[in-house]
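Subject: Structure handover

Hello,

Here is the structure I promised you. Please look it over; my notes follow below.

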Amino acid sequence: MSESTKATPAAGSFLEGTWLRILAPTLLALLFLGGWEMMVRVREIPPYILPGPIAIWQTLLRDWGSLSVSLLITLKITFMALSVAAILGLVLAILFAQSRIIELSLFPFAVILQVTPIVAIAPLIIIWVDDIAISLLICAWIVAFFPILSNTTVGLNSADHNLKDLFKLYRASRWQVLTRLLLPSALPYFLAGLRISGGLALIGAIVAEFVAGTGGSASGLAYRILEAGYQLQIPRMFAALVLVSTTGIAIFLSLSLLTHLLLRHWHESAMGRGDRR
Amino acid sequence: MSPRRPLLSLTGVSKRYATGTLALDGIDLTIMPGDFIALLGPSGCGKSTLLRLIAGLTSPSAGTMEWPMATHDATGEVERDIGFVFQEPTLMPWANVIRNVALPLELAGKKRREAEERAAEWIARVDLKGFEKAYPRALSGGMRMRVSIARALVTRPRILLMDEPFAALDEITRFRLNNDLVQLWAQERFTVIFVTHSVFESVYLAERIMVMAPRPGRIAEEVAITAPAERGEEFRTSPEYAAQCRTVSLALSSAMGGAHE
């Protein structure tokens, strides 16, 4: 604490950039958590109304055995949904780019899929599909799919028109145009879609688990939250919530890292402030 | 001695866009192998359209274009054998210099290794040795344009089309690239068609200047330029150069004046 308070007045020159980006939010988070703990203690709020961060942390450690199993299940559904969304979104976007008729006939249905609230159709899907894991996967996929599809479609259509002419001039085949021009042009858009969909896949998986409400040992984090709520084990509810948020943050950070690694040489979005020309 | 065959002859070529605008009207132009032709004119005179017609990126609404020396591909289409330099460098930002320059060869089915070897030669010829692995965004505007020129020449095309390639560069860089282009042309003797709106640039570079007039786009006058075999800074400051700039300038203003009457 003393170090960071000493460092703050010197901000500006050396704190700018990476340090500021890490320090500022961390400091804010510590202040927030400290205030929360203080409030809970001073006002003697019972843990079944609002547990303090320390109590939540202790519960997380104590219940790690059952929570980690649920975490893995939720993670599995999220990643499978995201992978299927990424592959299908990419393939469909490529089809759209190849044929205007396919795009015109299919795109409205993709939009319908996107605007229909997942909470409303999740019960149907769970009724129709026997395997609960697959129905959860479908729900998460529906939510995650659209940003990848629409972003990649925009990306494929935004290739430099002079470069298109150049490829035409050299009589490039459809395949060459796709792999050497359209796909690289679409990569930043695809990755931006993937970053949005990463979070959405997690939300989709959680929402579907809530609706499904399946018990037993093989259930995800959402069910742990429900279960803890019924049993008034509020610290455990918060612990599960912390895991959900942490997972979301981890997904976002790893997809950001992937984006940075793939685009750092050429795309403005992946450049540090220092190496911009 | 039989007369030399032209590389390309255009007869009565017109281009009308879907909007109804007549971009080009009755262009007659014969291009001989090794010519350095400048298409000079104000914006809207159809000089870029003419270049795109020659490149095959768009087709004429009327008139004929003949390529007496060209071969035909399997579908019966003319193999134009063209290099094109756009107004912007038009590089692939995701690919480094050597991958950019090797692109035309790879599109033609050359093995990557062979393509990169030949690309490296041309990178050296445009004075970019050492920048093979650099990405376009790390290069200056002039260097990017050099990469673009290397890419256009790597297939050793019979004809090099340039669409105001140096218009966006500063004067010092433009002069240097002008010199380098003239030198490359003197060595290789490919045919160049160079679109520009600069009288000075056209006189410095070209042997034949087609002065174009707008609305509808047409060739108003052809001016032949006489210059020493070695064009360089000396030519740029010589009285002959100034005199020919004056001639071309007058031709250009009379072409523009005609359009207003």
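Start in chain A. A:Trp141 and A:Phe145 both sit in helix H7 of chain A, four residues apart, about one turn of the helix. Helices here are DSSP runs of H or I with at least four residues, strands are E runs of at least two, and both are numbered from the N terminus.

Two conventions first. This is a predicted model, in which local features need pLDDT of at least 70 and side-chain atom pairs count only at pLDDT 80 or more, while totals for chains, interfaces and linings use all residues. Residues are numbered from 1 along each chain as its sequence is written, chains are lettered from A and ligands numbered from 1 in the order in which they are written, and side-chain values use heavy atoms, with hydrogens and water left out.

Aromatic pairs

The whole structure holds 13 aromatic pairs over all chains. Rings of Phe, Tyr and Trp (its six-membered ring) pair if their centres lie within 6.5 Å; planes under 30 degrees apart are stacked, over 60 edge-to-face, the rest tilted.

A:Phe107 and A:Phe146 are a tilted pair, 6.0 Å centre to centre with 50 degrees between the planes. A:Phe107 is in helix H5 (residues 100-115) and A:Phe146 in helix H7 (residues 132-157) of chain A, so the pair ties together parts 39 residues apart in sequence. A:Phe107 is partly exposed at 26% relative accessibility. A:Phe146 is buried at 14%. The cut-offs are under 20% relative accessible area for buried, over 50% for exposed, and partly exposed in between (1.4 Å probe, protein chains only).

The rings of A:Trp141 and A:Phe145 are also tilted, with centres 4.9 Å apart and planes at 35 degrees. A:Trp141 is buried at 18%, and A:Phe145 is buried at 4%.

In chain B, ring pairs link B:Phe36, B:Phe166, B:Trp185 and B:Phe194 into a cluster.

The interface

Contact (heavy atoms within 4.5 Å) joins 30 residues of chain B to 22 residues of chain A. The two chains bury about 2,300 Å² between them, 59% of it on carbon and sulfur atoms. Buried area is the accessible area (1.4 Å probe) lost on putting two parts together, summed over both. In chain B, B:Trp94, B:Leu107 and B:Arg137 lose the most area to chain A, together 35% of what that side buries.

Two salt bridges cross the interface. In one of them, the side chains of B:Arg52 and A:Asp165 meet at 2.8 Å, N to O. The rule wants a side-chain nitrogen of Lys or Arg within 4 Å of a carboxyl oxygen of Asp or Glu.

Best wishes
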